[in-house]
Amino acid sequence: MPIDAAKALAADPRHGDIGWDHKDIQLYHLGLGAGRPATDPDELRYTLESKLHVLPSFATVAGAGMAMMGGLAAPGIEINLADVLHGGQSIELHRPIPVKGSATSTARVAALYDKGKAAVVVLRTEVADADGPLWTSDAQIFVRGEGGFGGERGPSAKEELPERAPDRVEERHIREEQALLYRLSGDWNPLHADPEFAKTAGFDRPILHGLCSYGMTLKAVVDTVLGGDVSRVRAYRTRFAGIVFPGETLRIRMWREPGRVLVSVTAVEREDAPVLADTVVEHA
């Protein structure tokens, strides 16, 4: 059987050492579209080493995807990567991420859910440095054709948006070359760069990384609702609801609630086609 849930869940965690410095942070921020205008003091917090802070979604690229690839190679999981989709992502921040750091990453399969015609593998990464825990990250991986193994269906992460108008709406244009820059942070999937490969996957051109949209959205929330203070972010989760292409524009709608911001993200040029859904930023 391609998925042996008991074996996968019982497998020993995978440990690895990761490290980063200001260059990794700056490259990640530039891949999200930071630095426009280049001399804006608010943007210099993302691009200039003497003023640098770290957007919490950097946690998804620290270690260059070790957790996701390692988790999918865990005992009990034998799947075709062509059947894999990144279904959702969440991070919990235990304290602000330092500009320079070295840490230990511990990755494991935290849960396996049976959706009937598909399986969902939850890959959990816990990162800690000498001072203690830094962040916990969950990637929800949707595997087509691998359901039916008799497991639980899993919880619903549905977030109902308020019926009132959003408190804030921001638009963020995706540069034509943005996916080429973002992939330098560690996601080398040719789907985001090679037109011929994209066609074999059913797209007429390369698509933007879902985690790039994820980071762009958090930046918009931090820069507006949270007053530019990255340290206020406590947790951030989303479901990847659709694709977006370089050259398009994200429309980011935000609703403020006590201790959190609800967010909806769509593609402007395709009649507000969904991009991110069930998106929540929890904050201090």
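Helices (H or I, at least four residues) and strands (E, at least two) are DSSP runs, numbered from the N terminus. By that naming, Asp 278 belongs to strand E10. The model shown in these views is predicted.

**View 1. The sheet is open and made of 10 strands.** The strands follow the order E1-E3-E4-E5-E2-E7-E10-E9-E8-E6, with antiparallel pairing. The edge positions are taken by strand E1 (14-20) and strand E6 (168-173). Each of these has a single partner strand, so one side of each is left without a neighbour in the sheet. From one strand to the next, the twist averages 20°.

**View 2. Strand E7 runs antiparallel to both E2 and E10.** Five bridges join E7 to E2. Within this pairing, Gln 89 stands opposite Thr 238 of E7. E7 is joined to E10 by six bridges. Here Phe 240 has Leu 276 in E10 as its bridge partner.

**View 3. Strands E9 (residues 260-267) and E10 (residues 273-283) are antiparallel and joined by seven bridges.** Thr 266 has Pro 274 in E10 as its bridge partner. The loop between E9 and E10 holds Asp 272. Asp 272 is not a glycine, yet its phi is positive, at about 60°. Its relative accessibility is 26%, and Asp 272 therefore counts as partly exposed. A positive phi is also found at Asp 278, near 50°, again in a residue other than glycine. Asp 278 lies in strand E10 itself. With a relative accessibility of 11%, Asp 278 counts as buried, because the cut-off for buried is under 20%.

**View 4. Helix H7 (residues 210-224) packs on the sheet.** H7 touches strand E2 (84-93), E6, strand E7 (233-240), strand E8 (249-257), E9 and E10. The direction of H7 makes about 140° with that of E7. The helix is mostly covered, with 13 of its 15 residues buried. What span should the 15 residues of H7 have at 1.5 Å a residue? The end C-alpha atoms of H7 are 22 Å apart, which agrees.

**View 5. Tyr 214 and Tyr 236 form a stacked aromatic pair.** A pair of aromatic rings is described by the distance of the centres and the angle of the planes. For Tyr 214 and Tyr 236 the centres are 4.1 Å apart and the planes meet at 20°. The pair counts as stacked because planes under 30 degrees apart are classed that way. Tyr 214 is in helix H7 and Tyr 236 is in strand E7, so the pair ties together parts that are 22 residues apart in sequence. Tyr 214 is buried, with a relative accessible area of 0%. Tyr 236 is buried too, at 1% relative accessibility.

**View 6. Aromatic side chains also form a cluster.** A search of the whole structure finds six aromatic pairs. The cluster consists of Trp 20, Tyr 28, Phe 58, Trp 135 and Tyr 182.

**View 7. Two charged side chains lie over aromatic rings, Arg 205 over Phe 245 and Lys 219 over Tyr 46.** Arg 205 is 3.9 Å from the ring centre of Phe 245 and lies over the face of that ring. The charged end of Lys 219 sits 4.6 Å from the centre of the Tyr 46 ring.

**View 8. Gly 145 is an exposed residue in the loop between strand E5 (132-144) and E6.** Gly 145 counts as exposed because its relative accessibility is 59% and the cut-off is over 50%. Not counting residues up to four places away in sequence, Gly 145 touches Lys 117 and Ala 118. How far apart are Gly 145 and Gly 210 in sequence and in space? They are separated by 65 residues in sequence, and by 22 Å in space, C-alpha to C-alpha.

**View 9. The peptide bond joining Arg 36 and Pro 37 is cis.** Omega at this bond is about -5°. Pro 37 is in the loop between helix H2 (22-31) and helix H3 (41-47).

Definitions and conventions
Residues numbered from 1 in each chain as written. Predicted model: local features only at pLDDT ≥ 70, side-chain atom pairs only at ≥ 80, totals over all residues. Heavy atoms only, no water. Pairing = 2+ DSSP bridges. Axes fitted to C-alpha atoms, helices over the stretch in contact; angles between N-to-C directions. Contact = heavy atoms within 4.5 Å. Expected span 1.5 Å × (residues − 1). Buried < 20%, exposed > 50% of the residue type's maximum accessible area, 1.4 Å probe, protein only. Phe/Tyr/Trp six-rings, centres within 6.5 Å; stacked < 30°, edge-to-face > 60°. Lys NZ or Arg CZ within 6 Å of the ring centre and 35° of its normal.
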